[in-house]
Every structure is written in structure tokens, then in C-alpha cells.
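Please consider the structure shown here, together with the terms used to describe it. Each term is set beside the value that it rests on.

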Amino acid sequence: MQVWIGFQVFLFPFLSLTTPSGIGFSSLLFLLSALCVPRKAWAALTPHWKEIRWVVAAFWFQFALAIVALLVRPEAGLDSLDKPSRMLLALSSMALVLLARPSPATLWWGVVAGSVAALPFVAWQRIVLQVERPGGFLNAITFGDLALVLGLVALTAAIDYRHHTRKALLAGVGAIAGLAACMLTGTRGAWVALALAALLFLSYAQLLRSRKVRLLLAGSFALVGAAFFVPATGMQERALQGVDDVQTWVDGGNVFTNVGTRLELWKGAAILIEERPLFGLDRNTVRAEIRHLVEQGTLDPAILSLEHLHNDALQALATGGVFGLAAWIGILAAPFIFFARQMGRVSADAKTRFAPALAGMLVVLCYFSFGLTEVIFWSLKGSMFYALMVFLLMGFCLAAQPAREAKVEQRGN
């Protein structure tokens with residue numbers, strides 16, 4: 001059981017970016033494995049219920065809200081339940097980690113392998129095929145975002161292995177590969193996540209006492225900084241272009257730019273949210289209302305080809321009102337608080353405990369950052385990657401608790 005679950009844990013991040021259905025395959029595999037031992041899986045979760053209940057409740061609330069929305073708006077179709085239900089069922093991955101207790105190394109090396117495999121995959125598209133915004137089997141933004149998450153988790157793995165030079169170097173290679181793959185996609189939204197990640201690392205300065213860790217962190221972020229000034233990466237050009245796009249939109253000029261269309265969409269979203277702030281509108285109605293505003297001349301026709309509002313909070317408000325916004329906040333805030341509490345309970349010397357918690361906080365921060373300029377939870381793959389990564393890291397945090405502490409938690413329930 002331990003070997004089988006460990007293999008699944010490794011497989012998930014390794015296949016995420018280099019196969020068309022690796023994320024979905026992994027989620028199904030975790031669920032089927034849990035269904036083979038349902039009582040044991042549930043029994044493994046029960047002692048930790050007090051710690052995980054709010055996270056589970058957040059994903060349950062999102063699913064329940066989708067059910068209510070379907071009952072009120074049947075035209076949405078049963079497929080509207082697919083994503084929230086599968087995100088909730090990703091809980092099976094945490095149950096299996098707690099049951100089988102595989103080593104965290106299975107996740108670390110899966111993340112490193114996934115990052116290293118993603119770099120040549122997207123580099124081939126960018127350099128050989130001359131694709132300006134490569135994204136593999138995903139769109140460029142989602143690929144870049146997930147590559148960044150893999151890179152930052154690999155960086156956490158390198159910190160975890162700070163006392164093992166070879167392992168730390170290999171994990172460091174994975175971190176740099178993930179960051180490089182992200183840069184090759186030209187995804188600007190990931191830059192905010194990098195800034196927040198740097199602040200998070202600094203807030204836990206005790207992790208930087210190791211000279212190897214300081215060099216690794218400095219090298220990784222220096223790579224990104226240096227890449228900004230290398231014309232071939234296009235980072236500087238895209239940054240300057242973004243500033244110019246904002247100024248052009250403010251001056252009433254061309255809207256048909258990456259930034260201009262986002263600003264125009266946000267303008268339309270504000271109008272729709274003001275009209276229906278409590279319950280919002282279903283997705284199809286939101287698109288119809290946006291089209292109506294374009295026909296009225298309120299919005300520019302350049303935004304008609306876009307599927308969503310390019311902001312997670314605005315998308316949640318427009319399609320679910322304040323309840324939708326609460327669901328979005330819940331699936332971010334509840335896991336972040338869980339991981340922050342785990343970090344607060346351990347010292348930097350507790351090797352097996354701080355790394356999964358730090359990685360979990362990075363995952364949540366990244367998704368929050370991505371959602372500022374993109375609806376990262378729009379795609380099933382982006383949503384499932386988040387749910388599986390969060391629940392797996394929660395499982396490793398809880399599995400690393402000393403036996404005496406786990407017994408105290410069980411008595412508290």
C-alpha cells in the first residue's frame with residue numbers, strides 16, 4: 001500500500017504538465033484507490049478531523065453552492081457540478097497519504113521531475129517551433145502558472161534537503177527548471193506570485209540560516225531578475241508593453257491588448273455585480289449581458305471573444321454573488337490558515353514538518369496571485385491541480401505529527 005500510494009503521489013506532479021490528461025488521471029487513480037479501502041481511508045482521516053474540518057467545509061460549501069445554483073438555474077446543466085465535486089473528492093488523496101504514510105520524498109521528486117520535464121517541452125515549442133506563447137497541452141497562462149508552482153515547491157524541497165548536498169542540488173535544478181519554464185511562456189501574472197513568494201520566504205527568516213538555503217534562494221530569484229534584462233526572454237518587453245497598454249486604455253485608445261481587454265472586462269464586471277450583488281448570474285447570462293453592454297456601446301467589442309472575466313474574485317461575484325465570493329475565499333483562506341498553523345507549531349529544525357506546510361502556503365499564495373489577472377479556477381485542470389496539491393500537502397503535514405500529538409488531537413475530538 002505504501003509503495004502504491006507513493007507511486008501515485010510521484011506520478012501526479014510528474015505528469016501534470018507533460019501529458020494531456022495527467023492531472024485528471026491522477027485524481028481518478030487516488031479516488032479509485034480510496035474506494036478500494038473506504039473504511040480504512042475514513043479511519044485515517046478521523047483523528048485529524050478537528051484540524052481539517054474547516055478546509056473540508058470550504059470545499060463542501062463550494063460544492064453545495066453549485067448544487068443550489070443548478071436547482072435555481074437548471075439551464076446551467078449537470079456539468080456545472082463536475083469541477084466542484086471533483087475538487088471535493090480530491091480529499092481522497094489526503095486520506096491515502098494518512099493511511100499509507102509514504103515518504104514526502106515521493107512528492108518532492110515528482111515535483112522536481114515534473115519541473116525538469118516541463119522545461120524542454122515548452123522550450124521546444126518556443127525555440128524550435130517559434131511559438132510566441134507556448135503552453136504545451138494547456139494554454140500558455142495556465143502552463144506558466146503551474147510551472148511556477150512546481151518550481152516553488154521544488155525550491156521548498158531543496159530547503160528540506162539542505163543537509164544533503166546532492167539532493168538539495170537536484171531539487172534546486174527542479175526549482176530553476178520550473179521558473180525557467182514559466183518565463184518561457186511569457187506569463188506576466190506569475191510575477192506577482194514570485195514577489196509574494198519572496199515575502200513569504202523572508203517572513204520565515206529562520207529557514208535562511210543555512211548558507212546553502214540562502215545561496216539557493218538568492219540564485220533562484222536572481223535568475224528571474226537577470227532574465228528580465230535578457231531580450232530573448234521577452235520579459236522586459238512584456239512589462240513595458242503592459243504599462244503602455246494601461247495608459248492607452250486610460251486615455252480611451254485601443255482596447256484590443258492583453259491588458260486593455262482585461263480592464264474593459266473588469267469595467268463590465270463592475271456593472272453586472274452592481275446590478276446583482278447578492279446571487280449574481282449564471283455564466284451564460286454573464287456572457288449575454290456583456291454582449292448586450294457591447295451592443296449598447298458601453299464596452300468595446302474586443303472583449304467578446306473572451307470566455308471569462310480574467311479575475312477570480314470578479315468572476316465569483318458576477319456568477320455567484322457574495323456567496324460565490326465566499327466560496328472562492330474559503331478554498332484559499334482555509335488551507336492557508338491550516339498551513340500557517342502548521343508552520344507556527346514547528347521550528348526550522350523539524351525537517352519533516354515545516355517543508356509541506358511552507359509548500360502549501362506557497363501553493364495558495366500562487367493561486368491567489370494568479371487570480372488577480374486570470375480565472376485560474378476556470379479550467380478543470382487548474383482547479384484539480386490546486387485541490388490535489390493542497391490535500392496531499394495537508395496529508396504530509398498531518399502524517400509528520402509526532403504520535404503523542406496525534407493522540408492528543410484524537411482525544412480532543
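The questions and answers below take up helices, aromatic rings, cysteines and single residues in turn.

This is a predicted model, in which local features need pLDDT of at least 70, side-chain atom pairs count only at pLDDT 80 or more, and totals for chains, interfaces and linings use all residues. Residues are numbered from 1 along each chain as its sequence is written, and side-chain values use heavy atoms, with hydrogens and water left out.

Q: How do you know that the length of helix α7 agrees with what its residues should span?
A: Helices are DSSP runs (H or I, at least four residues), as strands are (E, at least two), numbered from the N terminus. The expected span of a helix is 1.5 Å times one less than its number of residues. For the 24 residues of α7 (105–128) this gives 34 Å, and the end C-alpha atoms are 34 Å apart, so the two agree.

Q: What makes helix α15 short of the reach of a straight helix?
A: Helix α15 covers residues 312–345, and its 34 residues would reach 50 Å if straight, but its end C-alpha atoms are only 31 Å apart. The helix also has a kink of about 140 degrees, centred on glycine 320. The bend at a residue is the angle between axes fitted to the seven residues ending there and the seven starting there.

Q: Which residue caps the N-terminal end of α15?
A: Asparagine 311 does, with a side-chain oxygen 3.0 Å from the backbone nitrogen of alanine 313. A polar contact is a pair of N or O atoms within 3.5 Å; within protein, one must be able to donate a hydrogen and the other to accept it, and residues adjacent in sequence count only if both atoms are side-chain atoms.

Q: Why are tryptophan 4 and phenylalanine 7 called stacked?
A: A search of the whole structure finds 16 aromatic pairs. In this pair the centres are 6.1 Å apart and the planes 25 degrees apart. Rings of Phe, Tyr and Trp (its six-membered ring) pair if their centres lie within 6.5 Å, and planes under 30 degrees apart count as stacked, over 60 as edge-to-face and the rest as tilted, so this pair is stacked. The two residues are three apart in helix α1 (residues 2–16), and are therefore separated by about one helical turn.

Q: Why is tryptophan 4 called partly exposed?
A: Buried means under 20% relative accessible area, exposed over 50%, and partly exposed in between (1.4 Å probe, protein chains only). Tryptophan 4 has 40%, so it is partly exposed. Phenylalanine 7, at 42%, also counts as partly exposed.

Q: What makes tryptophan 109 and tyrosine 161 a stacked pair?
A: Their centres are 5.4 Å apart, with 15 degrees between the planes. The pair links distant parts of the chain, 52 residues apart: tryptophan 109 is in helix α7 and tyrosine 161 in the loop between α8 (140–160) and α9 (165–185). Tryptophan 109 is partly exposed because its relative accessible area is 25%, whereas tyrosine 161, at 7%, is buried.

Q: What lies over the face of tryptophan 378?
A: Arginine 283 does, at 4.2 Å from the ring centre. A charge sits over a ring if NZ of Lys or CZ of Arg is within 6 Å of the ring centre and within 35 degrees of the ring normal.

Q: How do you know that cysteine 182 is in no disulfide?
A: A disulfide is a pair of cysteine sulfur atoms within 2.5 Å, and the structure holds zero of them. For cysteine 182, the nearest cysteine sulfur, that of cysteine 366, is 9.0 Å away. Cysteine 182 counts as buried, because its relative accessibility is 4%; cysteine 36, at 65%, counts as exposed.

Q: Why is proline 134 called buried?
A: Its relative accessible area is 1%, so proline 134 is buried. Proline 134 is found in the loop between α7 and α8.

Q: Why is glutamine 130 called exposed?
A: Its relative accessible area is 61%, so glutamine 130 is exposed. Glutamine 130 is found in the loop between α7 and α8, and has a positive phi of about 60 degrees although it is not a glycine.
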